[in-house]
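Me: I would like to go through the terms used for this structure and what each one rests on. Please take them one at a time.

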Amino acid sequence: MTIAGAVSHWYFRGPNANPSPVLYSIGKLLKYHLGSVAKGSFLITLFKVPRLILTYLHAKMSARAEKGSDCAKCGLKCCICCFYCFEKFIRYLNHNAYTIITIERCHFCKAAAKAFSTIVNNALQVATINSVGDFILFLGKCIVTAVTGIVGLLLLKRNSDLHFFAVPTLVICIFSFFIAHCILSLYEMVVDSLFLCVCEDRNMNSGDGQWKNSRLAELGGHRADRVELEELQEKY
């Protein structure tokens, strides 16, 4: 919610905008949106707890001497998979709903419905941006991990008492990948929030919004639609 609020405040900033979008977003969150955050968290818990219970039952059933029915285990696996998919979907929808909440100051259910509608109406653009973004972010994680591993290996080789470098280097790479994942995941959320801001700006302001100057709009194909609309207006 804090990231979504900061991004939307920055995108729709006016002449009197707060110079610190993050602090502004935190203040608005604490003042107005704690209920929406609680509702989103409750929805995630609603799917996560049954999944954990079913996972525990499946582990117990597999550990028993009598393995039990294969049909029952297959049913448990299917239920676990379904709950996992629902949980991931709710997490993704929550983030987009939080962005809508910070833009329109509406309640959670209305924001979730609008976010879902926006995602469905721009499914191709969402898939394009997510695919390109995920690839770039994964590439960034790999580069950070490789550079950190090489630097760590060079530093370890300076220690004359150390003769085995594989395990320390592996530990360095694992930690660097984890840290890079945590940091770059923020960029992923920012990109998702920005794209939703572009879509909402386009819906609210039509051709007069800031979205027409956005690279995300160009990547999503919205700018091409605007050019075609302007050409039709000039023609007729």
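Me: Which residues are listed as "transmembrane region", and how do you know?
Reply: The listing comes from an unreviewed UniProt entry, which gives residues 135-156 and 163-187. Such annotations may be inferred rather than shown by experiment. The coordinates are a predicted model.

Me: What makes up residues 135-156 and 163-187, helix or strand?
Reply: Residues 135-156 are 100% helix and 0% strand, with end C-alpha atoms 31 Å apart. For residues 163-187 the values are 88% helix and 0% strand, and the end C-alpha atoms lie 39 Å apart.

Me: Why is valine 171 called partly exposed?
Reply: Its relative accessibility is 39%. Buried means under 20% and exposed means over 50%, so valine 171 falls in between and counts as partly exposed. Valine 171 sits in helix H7, residues 166-205.

Me: What makes the nonpolar surface patch that includes Val171?
Reply: Its members include Phe164, Val167, Phe175, Ile179 and Met189, and the patch covers about 1,000 Å².

Me: Which residues have the most contacts inside the largest nonpolar core?
Reply: They are Tyr98, Ile100, Ile101, Phe108 and Ala111, in a core of 14 residues. Helices H4 (70-104) and H5 (108-121) each supply at least two residues, and H4 gives the most, with five.

Me: What does isoleucine 100 touch, leaving out residues up to four places away in sequence?
Reply: Its contacts include Arg105, Ala111, Lys114, Leu196 and Glu200.

Technical notes:
Residues numbered from 1 in each chain as written. Predicted model: local features only at pLDDT ≥ 70, side-chain atom pairs only at ≥ 80, totals over all residues. Heavy atoms only, no water. Patch = residues over 30% accessible without salt bridge, like charges linked within 9 Å, V, L, I, M, F, W, Y side chains within 5 Å. Areas by Shrake-Rupley, 256 points an atom, 1.4 Å probe, with all protein chains shown as cover. Salt bridge = Lys/Arg side-chain N within 4 Å of Asp/Glu carboxyl O. Helix = DSSP H or I, 4+ residues; strand = E, 2+ residues; numbered from the N terminus. Buried < 20%, exposed > 50% of the residue type's maximum accessible area, 1.4 Å probe, protein only. Core = buried A, V, L, I, M, F, W, Y, C linked by side-chain atoms within 4.5 Å. Contact = heavy atoms within 4.5 Å.
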